[in-house]
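Colleague: Hi! Could you walk me through this one? I'd like to start with a helix.

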Amino acid sequence: MQQRFILGRVIATGSWVHKLDPRAKMTCILIYAVITVLLHSLVDFIAVTIISQLILLSTRIKLTMFWRAVRPLRYLMLFIFLFQLFLEKGGDLLLAWGPIHIYSEGIITAVFTVWRMFLLVTFTALLTFTTTPAMLTQALEDMLKPLQIFRISPQAIALMLSIALRFIPTILEETERIVKAQASRGADLKDLPWKDKAKAMIALLVPVTVCAFRRAEELVNSMEARGYKLGEPRSKFFRLTWQRQDTYFLLIFVLIGLFVIWQ
Amino acid sequence: MPIVFNEVSHTYGSNPEQLALDHVQFHIEDGQFVGIIGPTGSGKSTLLQHFNAILRPTDGKAQVLDFLIVAGEKIHEVKRLRQRVGLVFQFPEQQLFAETVERDLCYGPMNFGATEAEAKALAAEALQQIGLSQDLLSRSPFQLSGGQMRKVAIASVLAMNPDVLVLDEPTATLDPRSREEFMTLLHTLCRAQNKTIIVVTHRLDEVLPFTDHLLVMHEGKLVFEGSNIELYEKAEKLPAWRMAIPKPFRVLKSCERMTSNQLIGHVRQDGIKATFTPSWVADQIHHLFETRQQDD
């Protein structure tokens, strides 16, 4: 179960992207996300694809690893593709077969939408592959500082996120054990019909939830026992420093953005 | 029908180079009380999940009761195998989910096609076997104490009336007294109902008094198979397998040295069942000193 879960796993290769300030990376991903939405022409798409894949290559992580991050979304992407294909009605009518009408615009939008998702997902994997969760949450805490004006504690959000990330593998492991225990008692999820699968899910959900709550309580107690209090000042584990490479990295994205807007 | 493992190996998909089980071979007779011991990470839990085909061998074959499990081949009627081999995982109390104890106990039997009345009868019987009061049946499992929850969870596997009961560290986190009570309970189940009981643990001393057969695992390999007295003979090897020599072993070994006398010959000759309980150890010490005086 854990093997399929590719996001949230750091692959250390010590490349220049790994060494960048996580705040720079986060800002760039945000800009990148905006760029992917703004893409319109084929030239834009090709240019951004080449640049983004080149940046991914420079992490010295295999490109296929990034592409694999798209895999969990394949059915969603397929659905969106078909949705656009059948419902977009512009351009020339290419095919009419019973109730199905496919227009040229439909094909273009469908391809572009899926392409957009691919670009976005592969690139966001860059953030999780090259940054440890601890660095990530600290960057997030820094970047959310402006929210303090609205009395929202960035520390609380960052803490929630880091705990959530930390517990994903633990809860998956626990779930796997409970699935095995249920299978031992004759409820093998794999060979149940759909109707019974839903029933078996309840048998799974209750203990997993109970476990998660129990763990959360233990965690809170142990954190408090070691003197943690939300909102109190405490020393940071990493000191984030903004260096010249960070500015360059940011510049790349600003330039791509400008190029896409001017096109 | 016995349980026979023949050159069984297992590798996990996440780590194909390392053998979690390395050509394991052993033979367990019907109605035996078996202890599988070994330090953490020695492959005990991997081994135990092979008993009811939750994990399958990646190489070799295993005969469990009348089911033959061969690497890469499909097993017929896995469900029936799982009914006959009850597997209790670590911290079973964390797997309780139903609103009442009775429903949780009925879950297994009903999965195996028992009617509601049959399941309820099995549930009541299982609860009684494990030594809990019938009043608990209507309670929510989440209101019970830790020890009761664990017993209920084990009863929920017993309710399927398996021929073989496999338990993974059943006494972890229990206090010493409950631990002993618990082992005695399992031993009674084994003897009174002729069930094969397989207990996986890293505490050798707690299973010593009960076992008919011991398996010692180390780094995925089976390094010892035999009775407790045979293990006593090889006790000096235990540290190499990353395990401490249990206290009764150490006491008897030093008495053997003091008297320059041998325990083994006497135990073998008289056909005494070695239990390594305090009173048995005392008897043996007495015997060691007695026979030495006769030699003088």
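Modeller: Happy to! Helix H5 (residues 146–158) of chain B has 13 residues and reaches 18 Å from first to last C-alpha, close to the 18 Å expected at 1.5 Å a residue. That expected span is 1.5 Å times one less than the number of residues, and helices (H or I, at least four residues) and strands (E, at least two) are DSSP runs numbered from the N terminus. This is a predicted model: local features need pLDDT of at least 70, side-chain atom pairs count only at pLDDT 80 or more, and totals for chains, interfaces and linings use all residues. Residues are numbered from 1 along each chain as its sequence is written, while chains are lettered from A and ligands numbered from 1 in the order written.

Colleague: Which residues of H5(B) are buried?

Modeller: Arg150(B), Lys151(B), Val152(B), Ala153(B), Ile154(B), Ala155(B), Ser156(B), Val157(B) and Leu158(B). Buried means 20 or more other C-beta atoms, placed from the backbone, within 10 Å of a residue's own.

Colleague: And what do they pack against?

Modeller: In chain B, the buried residues of H5(B) pack against strand E6 (85–88), helix H3 (101–111), helix H4 (116–129) and strand E7 (164–168). Contact here is C-beta atoms, placed from the backbone, within 7 Å.

Colleague: How many of the 14 residues of H5(A) are buried?

Modeller: Zero, so H5(A) lies largely in the open.

Colleague: Switching to strands, how do E1(B) and E4(B) pair?

Modeller: E1(B) and strand E4 (residues 59–64) of chain B pair in the antiparallel sense over five bridges; pairing takes at least two DSSP bridges. Ser9(B) stands opposite Asp59(B) in E4(B).

Technical notes. Buried ≥ 20, exposed ≤ 12 C-beta atoms within 10 Å, placed from the backbone. Contact = placed C-beta atoms within 7 Å.
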